Amino acid sequence: MSLSSRHLLQLEGVPKEDLEQILDTAESFREVLDRPIKKVPPLRGKTVLNLFYEPSTRTRISFELAEKRLSADTISFSKAVSSVKKGETLKDTVRNIEAMKIDMVVVRHGSPGVPYYLTQCLEANIINAGDGTHEHPTQGLLDIFTIRQKHKKVAGLRVLLVGDISHSRVARSNIQGLKTLGASVAVCGPSTLLPYQVERLGVDAYTNIDEAMEGVDVINILRIQLERQKAGLFPSQREYSNLFGITGERLKHLNPNFTIMHPGPMNRGVEITNEVADGPESVILDQVTNGQAVRMAVLYLLSGADKTETETLQSE
Ligand code: CP
């Protein structure tokens, strides 16, 4: 009943059994979210630090709510009003906060590898909430949970990720998790936004969206990072939208029972039209709700609360 690691840094290399355990545990917590009182006790007495060095709406609020709903004490760090502004290093910052008796750290940072670095200087359990272009493992898990909820399976599905694959931590986590669970994964985007030798990730790569969409069950549409336009990686938003934007017209050729996903934040009218974002096949807000359940499962399993509960039950 416990995971093979005490941290969640990435989905690459996470065994299938761990992924399935997180998803199965999240099913129970998803049911808690439909109760009138959305609170359970397993993290009572634990303190969780939310260490966000980069902006976030969904992930930060989702983790904070997940922690509160598991009865943990939570504290949120904001770089803008911290002593980082006076030049304090990341290591000193986190070691000082840990000295106040922190059990778990949820970290978002612009540099890949920061969550791993924290495992080397802290005793707390570390959960990666997005590190640069590396991974965003709880986003990958909540996307997979939502796919499983809708299609009742993951293995054998064809999932297409569209957009800036090179710079997307969401894409990387989705690819790793989906492949471990037996899905077939394709990616599509301008060649300047596909990683070098992308096929080595075990995916089929396309630069033509209509070809890429043939036979897919799920399309996960990634945010076009508009700052990339300044770097000359695609000519204009209008051209991107014409060549890769997901429109109602393009959806007409899909399998029945297909699913539209987007991790947010969306650029409406660029990578996705309003009609698609708000259409009947969109599960975009389900992803957000499910994110809480998945994060509750990850916090619960990493905290060791499940073992304590089992040991308590065994000693009774
Ligand atoms: N999906 C996602 O990570 O959104 P935020 O940046 O708002 O957390």
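Modeller: Start with Lys252 and Glu249. They form a salt bridge, with the closest N and O atoms 2.8 Å apart. This is a predicted model, so every value here is computed from predicted coordinates. Lys252 has a relative accessible area of 62% and is exposed, because the cut-off for that class is over 50%. Glu249 comes in at 48%, so it counts as partly exposed. Elsewhere, salt bridges with shared partners tie Asp24, Glu27 and Arg148 into one network. A search of the whole structure gives ten salt bridges.

Next, take Glu54 and Arg169. Their closest N and O atoms are 3.1 Å apart, and the pair forms a salt bridge. This one links distant parts of the chain. Glu54 lies in the loop between strand 1 and helix 2. Arg169 belongs to helix 6, residues 169-180. Glu54 is partly exposed, at 26% relative accessible area. Arg169 has 14% relative accessibility, and therefore counts as buried, the limit being under 20%.

Now the pair inside helix 2. Arg60 and Glu64 form a salt bridge, and their closest N and O atoms are 3.5 Å apart. They are four residues apart in the helix, so about one helical turn separates them. Arg60 is partly exposed, with a relative accessible area of 31%. Glu64 is buried, because its relative accessibility is 16% and the limit is under 20%.

Four strands make up an open sheet, ordered 2-1-3-4, with parallel pairing. Its edges are strand 2 (73-78) and strand 4 (125-131), each of which pairs on one side only. From one strand to the next, the twist averages 15 degrees. Strand 1 covers residues 47-52 and pairs with strand 2 in the parallel sense, over six bridges. Within that pairing, Val48 has Thr74 of strand 2 as its bridge partner. Helix 2, residues 58-69, packs on this sheet. The helix touches strand 1, strand 2, strand 3 (104-109) and strand 4. Its direction makes about 175 degrees with that of strand 1.

Methods: Residues numbered from 1 in each chain as written. Predicted model: local features only at pLDDT ≥ 70, side-chain atom pairs only at ≥ 80, totals over all residues. Heavy atoms only, no water. Pairing = 2+ DSSP bridges. Helix = DSSP H or I, 4+ residues; strand = E, 2+ residues; numbered from the N terminus. Axes fitted to C-alpha atoms, helices over the stretch in contact; angles between N-to-C directions. Contact = heavy atoms within 4.5 Å. Salt bridge = Lys/Arg side-chain N within 4 Å of Asp/Glu carboxyl O. Buried < 20%, exposed > 50% of the residue type's maximum accessible area, 1.4 Å probe, protein only.
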